[in-house]
Amino acid sequence: MNPRLTNLLNLPGVAVESYESFQDSVSFQLKVLAKGMCCPHCRNYTEELHQIRPIVVRDLPVSGKEVYLKLPRRQFYCRVCQRYVTERLQFIDWRRKYTQRYEENIYSQINHFNIDQVSQQQHLRVEQVKNIFNHIRQKRHKQHIELSKKRSYYDKFGKNKKKLSP
Ligand SMILES: [Zn+2]
């Protein structure tokens, strides 16, 4: 493992095992540090690994090079509910092919450039840029609804409104 690169990459729960540098891109092979996971259905902790599938996700560029992360998508077996459960990594949204920080970055670029410009700069297809934009917009919308639900709950029932942080 490479502690310096792991530090530099700054993503929780993973470590850099190796990297390959190409002319226009860098790819990092990552290892997930956790041995097991809690089953999302029954909260039972399991280390029974069922299968590993390699995935590649795009991350923020480094020194003008595109960055790709090679990761294992791990599936565990939960004996309690007798189900296969897939591990979720906290820096990638469910079934996305990009890190959250990359998607946030693309989203904010669309405020300054048009979709075609972002597509050309990032070497992404126009549909991919639109997909990222819609994903983040929906996510923000959901967060906004959650927050206003909380707000109205506190407005009704909260005794000390100052405790609520935005
Ligand atoms: Zn379970």
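**Layout.** I read the order of elements along the sequence and got α-β-β-β-β-β-β-β-α-α-α. I note here that the model is predicted.

**Overall extent.** I looked up the radius of gyration, which is 19 Å. The globule rule gives 15 Å for 166 residues, and the value here is well over that, so I put the protein down as more spread out than a compact globule. The C-alpha trace spans about 60 × 50 × 30 Å along its principal axes.

**Burial and contacts.** I checked how much of the chain is buried and found 14% of the 166 residues. I then took the contacts between residues at least 6 apart in sequence, and 46% of them join residues at least 24 apart.

**Tyr84.** Tyr84 belongs to strand 7, which covers residues 83-86. Is Tyr84 buried or exposed? I counted 11 other C-beta atoms within 10 Å of Tyr84, and a residue with 12 or fewer counts as exposed, so Tyr84 is exposed. Setting aside neighbours within four places in sequence, I found Tyr84 in contact with His50, Gln75 and Tyr77. I also looked up Phe22, which is 62 residues from Tyr84 in sequence; the C-alpha to C-alpha distance is 37 Å.

**Helix 2 and helix 3.** Helix 2 runs over residues 100-110 and helix 3 over residues 115-122; they pack at an angle of about 135°, and their axes are 9 Å apart. The angle makes helix 2 oblique to helix 3. I recorded the crossing as right-handed. On the helix 2 side the contact is made by Ile106, Gln109 and Ile110, and on the helix 3 side by Ile115, Val118 and Gln122. Sorted by class, this contact has four nonpolar residues, two polar and no charged ones.

**Helix 3 and helix 4.** Helix 4 covers residues 126-157, and I found that it packs with helix 3 at an angle of about 110°, with the axes 9 Å apart. Which residues of helix 3 and helix 4 make the contact? I listed Ile115, Asp116, Val118 and Ser119 from helix 3, with Val126, Val129 and Lys130 from helix 4. By class, the contact of helix 3 with helix 4 has four nonpolar, one polar and two charged residues.

Technical notes. Residues numbered from 1 in each chain as written. Predicted model: local features only at pLDDT ≥ 70, side-chain atom pairs only at ≥ 80, totals over all residues. Axes fitted to C-alpha atoms, helices over the stretch in contact; angles between N-to-C directions. Helix = DSSP H or I, 4+ residues; strand = E, 2+ residues; numbered from the N terminus. Parallel < 35°, antiparallel > 145°, perpendicular 65-115°, else oblique. Left-handed = near helix turned anticlockwise from the far one by under 90°. Contact = placed C-beta atoms within 7 Å. Nonpolar A, V, L, I, M, F, W, Y, C, P; charged D, E, K, R; others polar. Rg over C-alpha atoms; globule rule 2.2 N^0.38 Å. Buried ≥ 20, exposed ≤ 12 C-beta atoms within 10 Å, placed from the backbone.
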